[in-house]
Amino acid sequence: MMHSSISPLIHTSINSEGGRISLKEGEEELGYLSFSLTPTGVAIAEHTFVQPEHEGKGYAAMLAQAFFALCTERRLQVRPSCSYIKAYMQRHPELKAYLVE
C-alpha cells in the first residue's frame, strides 16, 4: 500500500489593515503569523503560532520566510512586536534592513 503525504502550503490573506499567513496541510491549520499594516508602509508582526503537536518541525520559520517575502514584494518595513519574529531577525542579520522601531 502506498502512503502519500501532502506538503504544508502557505495561504496569505491581506487587506489594507493587516493580514494573516497560514500554514495548512489539507484543511488543518498547522500555524499562522498575524500582522497589521500602518499607512506608512510598516508591517507589525503581532503573533506567530504553531499548533503544539507540530512544534519543532520548522513551521514557524516557514511562516517567517513567507512574511519577509511578502514584505519584500510590497516594499514594507517591519516592526516586530512578536517575540519569534524578533528572534528570527536576530538570527538573520540580512533582514536588518527591514527593521523599523
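**Entry 1: the two helices**

At what angle do the axes of H1 and H2 cross, and within what distance do they come? I looked this up in what is a predicted model. The axes cross at roughly 80° and come within 11 Å. Angles from 65 to 115 degrees count as roughly perpendicular, so I can call H1 and H2 roughly perpendicular to each other.

Next I listed who meets whom. From H1 I noted Ala60, Ala61, Ala64, Gln65 and Phe68, and they meet Tyr84, Ile85, Tyr88 and Met89 of H2. Sorted by class, this contact of H1 with H2 has eight nonpolar residues, one polar residue and no charged ones.

**Entry 2: around H2**

I stayed with H2, which covers residues 83-91. Which of its residues are buried? I found Ile85, Tyr88 and Met89. Looking down the axis of H2, I see these buried residues fall within an arc of 100°, so they line one face of the helix. On the other side of H2 I noted Ser83, Gln90 and Arg91 as exposed.

What do the buried residues of H2 pack against? My list has strand S3 (28-37), strand S4 (42-50), helix H1 (59-74) and strand S5 (77-80).

**Entry 3: the sheet**

Time for the strands. I count an open sheet of five strands, in the order S1-S2-S3-S4-S5, and its pairing is mixed. S1 (9-14) and S5 are the edge strands, since each pairs on one side only. On average, neighbouring strands of this sheet are turned by 25° against each other, if I ignore direction.

Then I went through two of the pairings. S2 and S3 are antiparallel and share eight bridges. One pair I picked out there is Ser22, which stands opposite Tyr32 in S3. S3 and S4 also run antiparallel, joined by seven bridges. I looked up two residues against S4: Gly31 has Val50 as its bridge partner, and Phe35 has Ala45.

How many of the 10 residues of S3 are buried? Eight are, so I wrote S3 down as mostly covered.

**Entry 4: helices on the sheet**

**Entry 5: turns and a positive phi**

I checked the hairpins next. The hairpin of S2 and S3 has two residues between the strands, and Gly26 there takes a positive phi near 65°. The hairpin of S3 and S4 has four residues between the strands, and here Gly41 takes a positive phi near 85°.

Which residue has a positive phi although it is not a glycine? I found Arg75, at about 55°. Arg75 sits in the loop between H1 and S5. Is Arg75 buried or exposed? Its relative accessibility is 78%, and exposed means over 50%, so Arg75 counts as exposed.

**Entry 6: two buried residues**

First I looked at His54, in the loop between S4 and H1. The cut-off for buried is under 20% relative accessible area, and His54 has 10%, so I put it down as buried. What does His54 touch, leaving aside its neighbours within four places in sequence? I noted contacts with Glu28, Leu30 and Tyr59.

Then I turned to Leu23, found in strand S2. Its relative accessible area is 0%, so Leu23 is buried. Again leaving aside neighbours within four places in sequence, I noted the contacts of Leu23, among them Pro8, Leu9, Ile10, Glu28 and Leu30, as well as Tyr59, Met62 and Leu63.

Note on methods. Residues are numbered from 1 along each chain as its sequence is written. This is a predicted model: local features need pLDDT of at least 70, side-chain atom pairs count only at pLDDT 80 or more; totals for chains, interfaces and linings use all residues. Side-chain values use heavy atoms; hydrogens and water are left out. Buried means under 20% relative accessible area, exposed over 50%, partly exposed in between (1.4 Å probe, protein chains only). The arc is that of the directions from the helix axis to the C-beta atoms. Contact means heavy atoms within 4.5 Å. Axes are lines fitted to C-alpha atoms, for helices over the stretch in contact, and angles run from 0 to 180 degrees between N-to-C directions. Angles under 35 degrees count as roughly parallel, over 145 as roughly antiparallel, 65 to 115 as roughly perpendicular and the rest as oblique. Ala, Val, Leu, Ile, Met, Phe, Trp, Tyr, Cys and Pro count as nonpolar, Asp, Glu, Lys and Arg as charged, and the others, Gly among them, as polar. Two strands pair if DSSP finds at least two bridges between them.
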